[in-house]
Amino acid sequence: MNQTALPIILCCSFNSQRDISHPRASDRQTADEIKGSERRSWAGVNMRPCSSVMHLLLRCLRGCGRHSRSRMPRRLRQPVSYIKLIFKSLYFNSLTNSEVVLDCVLEPVFWMVEVVTRWFGMVFVFLVVALTSSVVFIAYFCLLPLVLYTYSPVWMMWHICYGHWNLVMIVFHYYKATNTPPGYPPKIKNDVPFVSFCKKCVIPKPARSHHCGICKTCILKMDHHCPWLNNCVGHYNHRYFFSFCLYLTLGCMYCSISGRYLFIDAYNAIDQFRHMEAEKQGVPVTGIGLLIGIVPSEGVAGKGVQEVSQPPYTYKDRMFHKSVIYMWVLTSTVAVALGALTLWHAVLITRGETSIERHINGKEAKRLAKRGRVYRNPFSYGKLNNWKVFFGVEKRSHWLTRVLLPSGHSPYGDGLTWDIYPLKKDMMPV
């Protein structure tokens with residue numbers, strides 16, 4: 001017998017028996033199951049078109065996505081995928097906070113600042129040399145003759161001695177700050193203890209060292225990268241940088257204070273000359289009936305009108321007054337701006353920290369304050385000792401020979417370790 005005919009015969013016999021005899025409970029249950037299976041089979045038959053439609057719709061969407069990908073140029077695929085990865089990293093990173101997101105947003109700005117600072121470093125150095133030289137030129141050729149002819153011998157000696165001392169200190173410390181390497185960690189394996197590992201230089205980082213994105217290397221005791229020096233401020237040239245800022249601020253204050261009366265006189269002279277130039281365009285006319293006004297002086301020549309003679313205002317006088325105004329405005333502006341920067345660095349030196357460490361120590365202090373603890377800077381040896389370590393003062397005479405006079409001595413330590421035990425106990429009575 002054919003196997004396909006067997007289910008049909010069974011169904012027929014089952015239906016005939018169901019029609020003849022009365023159904024029992026088990027028969028009723030079997031009948032209900034058969035009806036349910038028939039309903040499910042019909043529902044499956046009805047759902048097949050729906051599933052096929054959804055399948056076709058998904059295939060269309062996939063095809064559209066593939067077509068859109070194929071339409072995108074190859075040059076744009078990699079940047080677009082990179083941007084998507086950046087956004088996904090912001091949302092799927094468990095360590096993400098507001099500072100991380102802000103750093104990611106400002107990363108193009110940081111990159112632009114690094115590129116501009118790297119390429120325009122020599123331009124900034126040229127500006128410093130040019131502006132300082134211009135002030136020195138005005139002081140020598142405009143103000144020094146005036147001092148020699150008008151001041152008393154005491155004031156004359158004061159201006160000559162202080163001015164030249166200040167100029168020597170500025171030039172010496174600026175030259176040393178720009179030409180002294182800040183100090184770099186060793187790139188070979190050694191036994192020096194380190195606190196972290198630089199991912200960009202792929203070398204161990206000792207304490208207080210940081211990576212400079214402009215110099216493309218790690219710097220020992222890095223404070224910041226100064227564009228006016230075209231160099232990093234680190235362990236070996238930090239003293240030169242601060243001394244240059246200090247003496248340049250003192251020099252600008254000296255020029256601004258001593259030249260304030262010359263500035264007022266020069267400004268009044270230029271303003272008076274402008275009024276004279278305006279009056280030379282015409283003279284007042286009277287006695288011609290109702291005609292009262294300003295007419296050219298040539299039109300009333302020979303009519304008894306006499307002009308008041310004024311002393312001649314020569315080109316030399318004009319340039320002298322403009323030079324005095326330029327020097328006073330420049331030195332006053334630099335004194336205010338650079339004075340604030342110098343004061344800030346003086347506060348950092350007193351606390352025994354750098355500009356970068358100030359930010360790190362502030363965050364660490366806030367973190368420990370939430371736990372009820374107080375943060376102490378491990379690199380601070382006391383206010384006075386911090387200044388002695390910074391300037392390299394070991395005895396009283398060093399305040400004169402190493403601070404008030406040009407000195408090229410090296411700082412304490414090698415920038416790799418910071419255990420200066422004698423200074424912690426204040427063994428130097430200075």
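**Notebook: pockets, core and helices**

Entry 1: The model is predicted: local features need pLDDT of at least 70 and side-chain atom pairs count only at pLDDT 80 or more, while totals for chains, interfaces and linings use all residues. Residues are numbered from 1 along each chain as its sequence is written, and side-chain values use heavy atoms, with hydrogens and water left out.

For a pocket I took an open set of points, on a 1 Å grid over the protein atoms alone, with protein on both sides within 12 Å along at least five of seven lines; a cavity is a set of points where a 1.4 Å probe fits but cannot get out, and lining residues have an atom within 4 Å of a point. Grid points are joined across faces, edges and corners, and a volume is the space filled by probe spheres set on the points.

I counted 21 residues in the lining of the second largest pocket, with E107, F110, E114, H211 and G213 nearest its centre. Two or more lining residues come from each of α5 (107-119), β3 (210-212), β5 and α11 (355-370); helices (H or I, at least four residues) and strands (E, at least two) are DSSP runs numbered from the N terminus. Helix α5 has the largest share, six residues. By class I found eight nonpolar, eight polar and five charged residues in this lining. Here Ala, Val, Leu, Ile, Met, Phe, Trp, Tyr, Cys and Pro count as nonpolar, Asp, Glu, Lys and Arg as charged, and the others, Gly among them, as polar.

**Entry 2: largest pocket.** I then turned to the largest pocket, whose volume is about 1,100 Å³. Its lining comprises 43 residues, and V135, G251, C252, C255 and T331 lie nearest the centre. The lining holds 33 nonpolar and 10 polar residues, and no charged ones. At least two residues each are supplied by α6 (121-150), α7 (153-179), β5 (224-226), α8 (238-258) and α10 (315-351). Helix α6 gives the most, with 12 residues.

**Entry 3: helix α6.** Given that contribution, I examined α6 itself. The end C-alpha atoms of α6 are 42 Å apart, which agrees with the 44 Å that its 30 residues should span at 1.5 Å a residue; the expected span is 1.5 Å times one less than the number of residues. I noted a kink of about 40° at L143, shortly before the proline P145. The bend at a residue is the angle between axes fitted to the seven residues ending there and the seven starting there. The buried residues of α6 are G121, V125, V128, S134, V135, I138, C142, L143 and V147, where buried means under 20% relative accessible area, exposed over 50%, and partly exposed in between (1.4 Å probe, protein chains only).

Entry 4: The largest nonpolar core has 18 residues, and Y174, L229, F241, F244 and L248 have the most contacts inside it. At least two core residues come from each of α6, α7, α8 and α10, and α8 has the largest share, seven residues. Such a core is a set of buried Ala, Val, Leu, Ile, Met, Phe, Trp, Tyr and Cys residues joined through side-chain atoms within 4.5 Å.

**Entry 5: cavity.** My search of the whole structure gave one cavity of 30 Å³ or more. The largest cavity contains about 40 Å³ of space. H173, R239, F242, S243, L246, Y247, F391, R402 and V403 line this cavity, with α8 and α13 (398-404) each giving two or more residues. Helix α8 gives the most, five residues. The cavity lining has five nonpolar, two polar and two charged residues.

**Entry 6: α12 and backbone angles.** F391, N385, N386, K388, V389 and F390 are buried in α12 (residues 383-391). Just after α12, G392 takes a positive phi of about 75°. Most residues other than glycine have a negative phi. I therefore recorded V202, a residue other than glycine, with a positive phi near 60°; V202 lies in the loop between β1 (196-198) and β2 (203-205) and counts as exposed at 54% relative accessibility. R208, also not a glycine, has a positive phi near 75°. R208 lies in the loop between β2 and β3 and is buried, with a relative accessible area of 10%.
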